[in-house]
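Please look through the sequence and the model before reading on.

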Amino acid sequence: MKKFLLSFTLIFSSLVYALPVTVTLENEQAVVVPASELGTLAENHHHKSTYCGGFVSSFVGEVFTTPAQQKTAAFLNYSINRKNLVNKLLVQVSEPRLLSNIVWFSSYPTRYYLSASGIQAMKDLASRWQGMVKHLSFAKVELFKHKNFKQPSVVVTLQGVTDDVIIVGGHGDSINTDSDKTDAISPGADDNASGISVVTEVLQILVKNDYRPQNTIKFMAYAAEEVGLLGSMDISGQYADKAVNVIGVIQFDGTNFKGSKDLTMALIKDGTNQEQNSFLGNLIDTYLQVPWRYDSCGYACSDSYSWTYRGYPASFPAESRVKEENTRIHTANDTLAVSQNNAIHAVNFAKLGLAYVIELDK
Ligand SMILES: [Zn+2]
């Protein structure tokens with residue numbers, strides 16, 4: 001019985017592995033490759049640029065939903081007027097807790113989307129998030145299963161008074177682009193255990209303070225970002241199909257490497273929403289008072305692109321200018337040692353995430 005199950009699993013996963021995938025590159029060129037080639041494609045692409053993503057993959061036969069009409073600032077409230085509450089929450093951001101969550105999530109040998117440990121890591125993250133919200137009647141945690149590959153995404157929902165949705169997310173997978181092996185070591189401490197730790201910290205502090213949202217707030221750990229935004233393209237496509245009214249998305253992808261001496265954050269201009277980016281700039285000036293600039297990251301550089309593609313307002317505050325990005329990402333050396341074994345830089349991103357949720361949630 002066991003043997004039968006094992007061989008069935010092997011056949012099933014090799015079938016998935018051979019499924020044809022359309023990959024869209026920066027120059028809008030589309031190529032069709034078997035899913036097994038996605039790792040190699042990521043290798044080739046990531047060797048040319050230091051950033052995540054960089055191309056969009058979709059399984060052949062899967063139709064991307066036509067982008068919804070971009071929501072404009074006229075319909076959204078970007079006022080900043082909940083200072084007492086925001087400041088009360090910001091002082092609770094804990095560097096030791098951020099650090100311990102990065103230590104934990106980067107302890108898997110790899111979180112590559114095809115690896116056993118990459119699948120287990122997402123299930124374990126769901127259990128951790130479940131433990132944080134289990135006493136709340138308005139909260140739920142789901143493994144979001146993807147049809148064409150086994151690594152699930154994870155979604156926490158804090159149901160609000162309305163069904164309008166605010167999303168705080170980051171990708172959970174990692175990759176080692178120096179190797180073809182699906183189990184090659186890739187701790188992904190900065191990329192992107194640090195982003196998942198920030199998402200966790202925002203959730204933790206809202207829950208600890210018994211925050212009851214007006215809008216519905218979702219916390220997402222996306223599967224398979226490194227091989228062409230597979231998880232977030234699937235989720236955002238399903239949301240667009242169901243006409244879910246997502247009023248704002250913030251993406252955390254790399255939060256703990258201070259690559260730019262003169263900056264704390266770079267707001268990515270391309271593949272994001274300019275009105276919401278201005279709002280984030282105002283939040284940084286009001287609550288963090290740290291130096292920031294706009295920067296560009298190139299085509300489809302993180303999951304924020306998936307939401308933008310569907311017509312939803314998304315932003316991506318990055319840990320440094322793109323040209324000063326952490327050169328260890330996508331290797332076996334993306335470890336906490338590169339960030340001096342502390343999470344001081346990530347504290348800024350957890351604060352921004354909290355300020356963003358509270359000031360948008362009206
Ligand atoms: Zn990343």
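This is a predicted model: local features need pLDDT of at least 70, side-chain atom pairs count only at pLDDT 80 or more; totals for chains, interfaces and linings use all residues.

Residues are numbered from 1 along each chain as its sequence is written, and side-chain values use heavy atoms, with hydrogens and water left out.

**Helix H5**

- Helix H5 covers residues 116-133, 18 residues in total; helices (H or I, at least four residues) and strands (E, at least two) are DSSP runs, numbered from the N terminus.
- From first C-alpha to last, H5 reaches 26 Å, close to the 26 Å expected at 1.5 Å a residue; the expected span is 1.5 Å times one less than the number of residues.
- Its buried residues include Leu125, Ala126, Trp129, Met132 and Val133, where buried means under 20% relative accessible area, exposed over 50% and partly exposed in between (1.4 Å probe, protein chains only).
- An α-helix has 3.6 residues a turn, so residues three or four places apart point the same way.
- Helix H4 (95-105), helix H6 (189-208) and strand E4 (139-144) are among the elements that cover the buried residues of H5.

**Second largest cavity**

- On a 1 Å grid over the protein atoms alone, a cavity is a set of points where a 1.4 Å probe fits but cannot get out, and lining residues have an atom within 4 Å of a point.
- The lining of the second largest cavity consists of Asn101, Trp104, Phe105, Leu125, Arg128, Ala193, Ile196, Ser197 and Thr200.
- The lining divides into 5 nonpolar, 3 polar and 1 charged; Ala, Val, Leu, Ile, Met, Phe, Trp, Tyr, Cys and Pro count as nonpolar, Asp, Glu, Lys and Arg as charged, and the others, Gly among them, as polar.

- His171 is in strand E6 (residues 165-171), and it counts as buried because its relative accessibility is 0%.
- The side chains of His171 and Asp253 make a polar contact (3.0 Å), meaning a pair of N or O atoms within 3.5 Å; within protein, one must be able to donate a hydrogen and the other to accept it, and residues adjacent in sequence count only if both atoms are side-chain atoms.
- Not counting residues up to four places away in sequence, His171 touches residues including Asp191, Asn192 and Ile196, a contact being heavy atoms within 4.5 Å.
- Asp191 and Asn192 are joined by a cis peptide bond, with omega about 10°, and Asn192 is found in H6.

**Glu201**

- Glu201 is in helix H6 and is buried, at 1% relative accessibility.
- Glu201 and Leu98 lie 103 residues apart in sequence, yet 6.7 Å apart in space, C-alpha to C-alpha.
- The side chain of Glu201 makes a polar contact with that of Arg97 (2.7 Å).

**Positive phi outside glycine**

- Ala243, in the loop between helix H7 (230-241) and strand E8 (246-251), has a positive phi of about 55° and is exposed, at 62% relative accessibility.
- His330 has a positive phi of about 70° and is buried, with a relative accessible area of 4%.

Note on methods
On a 1 Å grid over the protein atoms alone, a cavity is a set of points where a 1.4 Å probe fits but cannot get out, and a pocket is an open set with protein on both sides within 12 Å along at least five of seven lines; lining residues have an atom within 4 Å of a point.
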